[in-house]
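Biologist: I'd like to learn how to read salt bridges in a model like this one. Could you walk me through some?

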Amino acid sequence: MDIQERYRKNVDVSYSYQLAKRMEKYRTNEELGYRTAGSRAEYLTGDMLAEEMRKIGFPVVRKDPVRVDGWEFERALLTLPGEREAIRLGAYQTDFVTEGPRPYRLVYAGKGTMQDYEGLDVRGKLVLVEINQRDEWWINYPVYQAHLKGAAAVIAVQSGGYGEVDDEALNAQDISGPADAAAFSVSRRDAERIKALLRRDGEIEVLFDAVSRVFPNRTTYNIVGEIPGKNPERRILLSAHYDSYFDGFQDDNTAVSMMLSMGRTLLKIGYQPENTLIFCAMASEEWGVTDSMFDWSTGAYEQVFTVHPEWRGSVIADLNFELPALAHGTRARIRSTHEYVAFLEEFLEELPDLTRAYPEDTRVTAPIETWSDDFSIAIAGIPSMVNDFTGGSFMETNYHSQFDNDGFYDEDVYRMHHELFGLLLMAIDHTAVVPLDFSRTFARARECLELDWCGKTGAQGEAFLEALKRAEATAGELYERIRRSNREYRRADGGGKAVGGGEASAARLRALEKTLLRVFQQAQDAYVRIDWYGNVLFPHGSLQESLQLLSGAVRNLREGRLSAALRKLYEVDSNRYAFLFEEEVYRHFTSYVFDQPRDRLKWGYGRIIGFENFYPVVTGLLRKERDGGNDFTEEIAFLKRVLDRQEALYREEIENLRLQTERMEGLLRQAQKECYGQ
């Protein structure tokens with residue numbers, strides 16, 4: 001029986017399931033759960049996982065300390081007039097302690113926009129708002145708006161987008177706002193009861209008993225188990241986070257337990273890895289830094305940027321896991337950085353039949369997203385991938401609610417993921433050189449380039465295009481050599497001998513690998529940007545989109561089409577919030593992206609480019625729309641100045657990207673020559 005078959009025969013998903021259930025033991029809120037950043041529940045769960053790693057038999061087990069902002073949510077109970085039984089609320093990462101039940105006035109403020117506060121006094125009161133975070137805006141905007149109006153706290157009900165599984169569902173997300181702007185969540189069922197009283201009485205007096213505390217700069221721990229390899233300095237990372245909202249059965253207990261179970265199975269069958277395998281249970285993924293737009297994935301960011309910077313350049317892959325015990329759509333997907341797609345597609349082609357859990361075959365998709373720890377790990381220079389978890393209905397129904405439990409548990413899907421990623425881990429382990437194909441990265445950058453905009457702005461688009469074509473060709477040729485080397489290595493069953501038909505020695509392949517990982521880091525630095533909603537973009541793609549919208553808005557205003565212009569301005573950067581909230585709200589949540597140090601911005605530092613403040617022009621145009629004004633001369637001049645700055649930035653970015661691309665192509669060409677002699 002070969003090693004793959006032995007691994008599959010020994011996979012024990014019942015062990016994984018039971019460990020996932022055991023992780024529910026420690027909680028900050030006895031009724032609802034919550035195992036949050038820097039909390040005692042997180043500490044105790046980390047200790048339990050470290051002990052479990054020792055029982056499994058990991059030769060190396062340790063707790064790596066990381067600094068995060070901590071949060072402990074003990075309770076939030078709301079008692080309505082004339083009732084004795086309290087309504088149980090969820091919470092967000094903010095400070096609010098009542099020191100026992102206290103009376104508060106409670107009022108309703110619609111969706112919580114500035115328009116909803118016209119004629120409404122909320123000073124010192126609790127404010128009920130209805131939000132749809134998935135389709136409209138994040139909770140930090142209405143919460144801070146209420147805070148500026150003097151509200152004691154916001155109580156939010158999801159009107160759609162999340163927690164749709166049941167009218168009793170509570171929801172929790174990262175707050176992305178300051179700790180002193182307090183927020184809690186209420187179910188739709190209880191919100192309807194409250195709204196009925198408010199419709200009758202205008203506002204009501206309630207008793208509120210809450211304990212929610214934020215603790216700046218706490219120490220928590222990432223839990224690490226290692227299986228040393230024959231080449232101890234070459235590493236493969238596996239990761240999943242162990243903090244959670246509510247019980248967190250799917251998100252992310254089953255991922256942590258699957259990861260440990262994979263290591264347990266490898267040890268049981270006596271697998272001898274070629275490289276050191278690192279199994280890392282990450283703390284503080286859901287939240288971990290106060291008042292930052294990039295307040296999640298904190299533990300992972302600190303692990304690779306602060307605690308173990310030596311992993312950068314020595315870890316050849318990260319396999320990250322999220323929600324692996326239920327089906328997301330009609331097929332399993334591996335979401336990866338562009339550079340690993342070719343290897344993964346080849347791996348899937350050669351894969352034996354696994355447990356049948358989906359009606360369609362597994363596929364690869366790229367690029368990775370900002371939703372999970374693999375993004376923080378990738379931008380550190382470690383090529384990463386994750387079982388794709390954002391498809392299907394679970395994200396809108398059960399995700400981040402008390403209904404994230406084993407009711408959606410699918411044993412076949414869970415077993416299939418154990419098998420798929422266990423075999424993938426072994427396939428990566430049996431590579432002579434990290435299988436990075438940069439031709440796909442350069443091709444996607446090329447496909448994103450719009451030469452029309454280069455012509456309109458005077459950017460040297462043709463030169464950038466030619467650099468991308470050369471880089472794509474060089475990278476494609478090099479990857480074919482890498483592919484042959486890895487096939488020779490597998491046929492030789494490792495051993496450290498010369499591989500690749502005698503073309504390259506092991507020493508030369510190590511040197512090539514260092515260059516490949518260096519180029520991967522450069523590609524992340526040069527090509528990876530995000531928009532205000534966390535979507536991953538190429539920098540020239542992001543700027544082209546802004547140029548398109550801005551030029552269209554100017555054209556619409558010249559034509560007198562005000563509504564069309566406003567629709568375009570609404571889509572530029574975060575400027576939709578200029579339509580909905582006071583200027584101080586808008587300014588706070590834009591300036592904090594640019595005016596905070598790197599250690600507060602984490603993985604988002606420098607990733608958003610080209611922002612322009614449209615608050616004055618948007619509010620001016622809205623007044624003219626309301627009053628029937630039709631002279632847009634001032635606004636056109638403002639937007640034309642913005643457009644000129646954006647065009648200059650685009651020209652500069654295209655030139656910088658050309659230089660970066662040429663630099664990467666030169667490194668790849670030189671590495672190929674030194675390794676393979678051509």
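**Reading the salt bridges**

Modeller: Start with Lys-230, which is exposed at 58% relative accessibility. Keep in mind that this is a predicted model.

Biologist: Which side chain does Lys-230 meet in a salt bridge?

Modeller: The general idea is that oppositely charged side chains can pair when their charged atoms come close. Here the partner of Lys-230 is Glu-274, at 3.0 Å from N to O. The two sit in distant parts of the chain, 44 residues apart: Lys-230 in the loop between β9 and β10, Glu-274 in the loop between α6 and β11.

Biologist: Is Glu-274 buried or exposed?

Modeller: Glu-274 is buried, because its relative accessibility is 7% and the cut-off for buried is under 20%.

Biologist: Which helices does the Glu-346 and Arg-483 pair link?

Modeller: Glu-346 forms a salt bridge with Arg-483, closest N and O atoms 2.5 Å apart. That pair links α8, which holds Glu-346, to α14, which holds Arg-483, across 137 residues. Glu-346 is buried at 15%, and Arg-483 is buried at 19%.

Biologist: How many salt bridges turn up in the whole structure?

Modeller: A search of the whole structure finds 59.

Technical notes: Residues numbered from 1 in each chain as written. Predicted model: local features only at pLDDT ≥ 70, side-chain atom pairs only at ≥ 80, totals over all residues. Heavy atoms only, no water. Salt bridge = Lys/Arg side-chain N within 4 Å of Asp/Glu carboxyl O. Helix = DSSP H or I, 4+ residues; strand = E, 2+ residues; numbered from the N terminus. Buried < 20%, exposed > 50% of the residue type's maximum accessible area, 1.4 Å probe, protein only.
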